[in-house]
Amino acid sequence: MKTSRPLLVAVFGAAAALLLAVVGCVAAGFLLIGDDPTKTRTCQESVQVAEAKVRTDPWDPPEELPDLGDYPEIHWQLRASGNPCSRMPGPTDRAYQGVVKLRPEDAQALAKRYDFAPWTSVNLDELPHDSSPADVWPALVPFLPSESRWLHSRSYNETAPSPRWRVAFLDVEHQTLLFMLNDH
């Protein structure tokens, strides 16, 4: 069998082009993943600033915290669960905590509608980790009542719609709701 020279050149040329493409993709991947210390440091600093900030703008979307009424005051923060400065593709999950000052009538209606019960009667194994009033982030502590009487409602936590896991604690006497949300 005689091999034609143009066919051999074409096969070797295609193999060389494929090898070049693979090497180029690998090199581009290393460059993409490679850390630029300046960009990483700038990103981490901006994340720290964003996480330290206590926000007071109304919760959006309000459906994630149902039946709070026209609350007069809210303080909340967010934190990244992973590393938002990573150069790897993909979303970063976030955790949120907040303290909402409710109107007295809204606090009472919320407690009745969702059968809030005393926090001391809750089976802690039913809650996600770091989901108790004791786990509130330090910057939010000043907004909590000093002599709180927390109530908890599994039905409120599981009320749809919410793209996030919700855990809430209610103090009817002080008209305060403490919430913790985590992206799924």
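The model is predicted: local features require pLDDT of at least 70, side-chain atom pairs count only at pLDDT 80 or more, and totals for chains, interfaces and linings use all residues. Residues are numbered from 1 along each chain as its sequence is written, and side-chain values use heavy atoms, with hydrogens and water left out.

**The whole chain**

Begin with the protein chain in a cartoon view, which contains four helices and six strands. Helices (H or I, at least four residues) and strands (E, at least two) are DSSP runs numbered from the N terminus. Followed along the sequence, their pattern is α-α-β-β-α-β-β-α-β-β. Of the 184 residues, 34% are buried, that is, under 20% relative accessible area with a 1.4 Å probe, protein chains only. Among contacts (heavy atoms within 4.5 Å) with a separation of 6 or more, 64% join residues 24 or more positions apart.

**Trp76 and Tyr96**

The structure has seven aromatic pairs. Rings of Phe, Tyr and Trp (its six-membered ring) pair if their centres lie within 6.5 Å; planes under 30 degrees apart count as stacked, over 60 as edge-to-face and the rest as tilted. Select Trp76 and Tyr96: the ring centres are 6.4 Å apart and the planes stand at 50 degrees, so this pair is tilted. Trp76 belongs to strand β1 (residues 73–80) and Tyr96 to strand β2 (residues 94–101), so that the pair links parts of the chain 20 residues apart. Trp76 is buried at a relative accessible area of 9%, and Tyr96 is buried at 9% relative accessibility.

**Tyr114 and Tyr156**

Next, select Tyr114 and Tyr156, whose ring centres lie 4.9 Å apart with planes at 85 degrees; the pair is therefore edge-to-face. Tyr114 lies in the loop between α3 (104–113) and β3 (117–118), while Tyr156 is in helix α4 (residues 154–157), 42 residues apart. Tyr114 counts as buried at 7% relative accessibility, and Tyr156 does so at 0%.

**Charges over rings**

Return to Trp76 and display Arg55, whose charged end sits over the Trp76 ring, 5.5 Å from its centre. A charge sits over a ring if NZ of Lys or CZ of Arg is within 6 Å of the ring centre and within 35 degrees of the ring normal. Finally, select Arg79 and Trp137: the charged end of Arg79 sits over the ring of Trp137, 4.1 Å from its centre.

Technical notes. Buried < 20%, exposed > 50% of the residue type's maximum accessible area, 1.4 Å probe, protein only.
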